[in-house]
Amino acid sequence: MQALILAAGMGKRLKELTRDSAKCMVKVNQKTLIERMLYQLDRLKLREIVIVVGYKADRLISYINSLDIQTPITFVTNDIYYKTNNIYSLYLARDYLLKDDTLLLESDLIFSDTLLKKILNNTYPNLALVARYESWMDGTVVTIDSQNNITRFIDKKEFDYRNINQYYKTVNIYKFSKEFSKLYYVPFLKAYIDSKGINDYYEQVLKVLGVIEKSSIKAEVLKDEAWYEIDDVQDLDIAETIFSQDSFIKIRNRYGGYWRYPKLIDFCYLVNPFYPPEKMIEEIKANIGILIGNYPSGIEVNSLVAGKYYGIKKEHICPGNGAAELISSLMKTIDGSIGIIYPTFDEYPNRLDEKLIVPYYPKNRNFSYGSQDLMDYYEDTNIKALLLINPDNPSGNFMERSEVIRLAAWAQEKGIRLIVDESFVDFANADDVQSLLSEVVLQKYKNLAVVKSISKSFGVPGLRLGVIGSADEELIRFIKKDIAIWNINSIAEFYLQICEKYKNEYNLALEKFKLVRSKFLEDLKNIPNLRVIPSQANFVMCEVLGGYFSAKLSETLLYNHKILIKDLSAKKGVKGQYIRVAVKTSEENNLLIAALYKTLGLTSRSKSYNLNFKLQEAL
């Protein structure tokens, strides 16, 4: 067995990173792609490694020769790399394909060792490594039958997004037998170049061969094995996260975008798992062409649209590019000190001078409090504003609407602005409506400002939508002036326009959620060394007991089970080992329950926290 690596490309999309060196010289976590790949191949005890070079060839050859690789290496040079594609690079190395069975690889890949083991352990002679198509993938895809025969190679021109559930992305690692190369691939490679030219991809030959009997290629389908193809700086950033020793910290600090991480289950960020309905998504899809080709309406029009849903005058409401945009503007209006209950959602205090914050810390293990606790505590202070997140984040503590109204009346009497963030209030168990987003309520308590994250309640965080409501028209005018006139995009505006007709589906989704949450809470209570704090939100705060550390638990769940949770141990107002987990679908919740039980239920803690596991073996 030999290996053949295609490494002639320029890597133009990596810009300055490939200005002075070949694409495979790009470093992922301080190690070049080609170094990593060559040492992986070297461990296989191959007969030879053939590398086709081109761009910055001399420097690449010199670098490779400096590595301690025991397998003999031969270089083939593509002198016209700048006007050819990889089909020509492979054509230049065609004679080597005739010498032995070959592993064919592209040099811009990073992958775990298990990929090579998987393709070599499969006894079928002609194989392509493939993975189920994910939205982050680009390039050639294939379809396969029930016996894993590749039935069709589909290039970019033929790609149909309606069929993505049937597609598998080629990883660009192949195994060709010497016989296959001699009888089929090399003759057709030459014929293809003679007829089509040298500016194409070698998969086109495989596509032609796919219709010829006895020359079929099978697929070896990857499951959890880690791999990434690096074409641009974003790919590089994600690859560094996946293959990093500090991957937990790097992933946590991305604050989202986890759809780019195959198999990662996000229990950290908080959304409605049962909304929006498929019919609404289809309606948005049907209008996407119009929406992306047109400007959204200005802030005043979208205030009218948002106000229509909540029954609030447009002068008393403002939509935001997520609640975060509104919070940033709102905090600018605080003229004096503000009361904040800890632990809290840090977006609020992060926008303030810490000297202005008058903190309140609940004096119980459940971080619970009521309106009387807050009124008693802040009665003799000189605060100008009070922040209430209800249900609270991260504790899940909930105050009934009547209690919040009582607090609003007290605050109005004392000349205090009451800010109520009710992003999670729709998830509360209650017989009647708990929201304060009502024209009647806002008019009665003009000191009241109500913030709501539509992303969290309605499960559309990618749209970046939130609203703020207040009868303090001066406040609303300031916020509208402070933010951009086109602060939300056309897709988000369209969502606001159509969401009212899906109210029934939304209510059904909330009912389903509450049933799933109830079961989830009971399951969490049965896990050893975990104390569950009552929650009325779409998340649960838990205390980790028995000498376990929440940070280590979070790392273990990510490394061993591909589950991301929120470690709260370093959060202000938290003393001890605490985590926060989102409530998701029953299937996802069961995966977390099993992982927590496996980790916290072990008799030996050292087994739980063997952090030598690499993330690349887990994701």
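Biologist: Are Phe159 and Tyr167 buried or exposed?

Modeller: Both Phe159 and Tyr167 are buried, where buried means under 20% relative accessible area, exposed means over 50%, and partly exposed lies in between, with a 1.4 Å probe and protein chains only. This is a predicted model, in which local features need pLDDT of at least 70 and side-chain atom pairs count only at pLDDT 80 or more, while totals for chains, interfaces and linings use all residues. Residues are numbered from 1 along each chain as its sequence is written, and side-chain values use heavy atoms, with hydrogens and water left out.

Biologist: How many aromatic pairs are there in the whole structure?

Modeller: The search finds 27 aromatic pairs; rings of Phe, Tyr and Trp (its six-membered ring) pair if their centres lie within 6.5 Å, and planes under 30 degrees apart count as stacked, over 60 as edge-to-face and the rest as tilted. The rings of Phe159 and Tyr167 have centres 4.9 Å apart and planes at 55 degrees, so that pair is tilted.

Biologist: And what about Tyr295 and Trp486?

Modeller: Their ring centres are 5.2 Å apart with the planes at 45 degrees, so this pair is tilted. Tyr295 lies in the loop between helix H11 (288–292) and helix H12 (299–310), and Trp486 in the loop between helix H18 (473–482) and helix H19 (490–498), 191 residues apart; helices (H or I, at least four residues) and strands (E, at least two) are DSSP runs numbered from the N terminus. Tyr295 is exposed, at 69% relative accessible area, whereas Trp486, at 49%, counts as partly exposed.

Biologist: Which strands make up the open sheet, and in what order?

Modeller: The open sheet has four strands in the order S22-S23-S26-S25, with antiparallel pairing, and two strands pair if DSSP finds at least two bridges between them. Strand S23 (residues 539–544) and strand S26 (residues 578–582) pair over five bridges, and Cys542 has Ile579 in S26 as its bridge partner.
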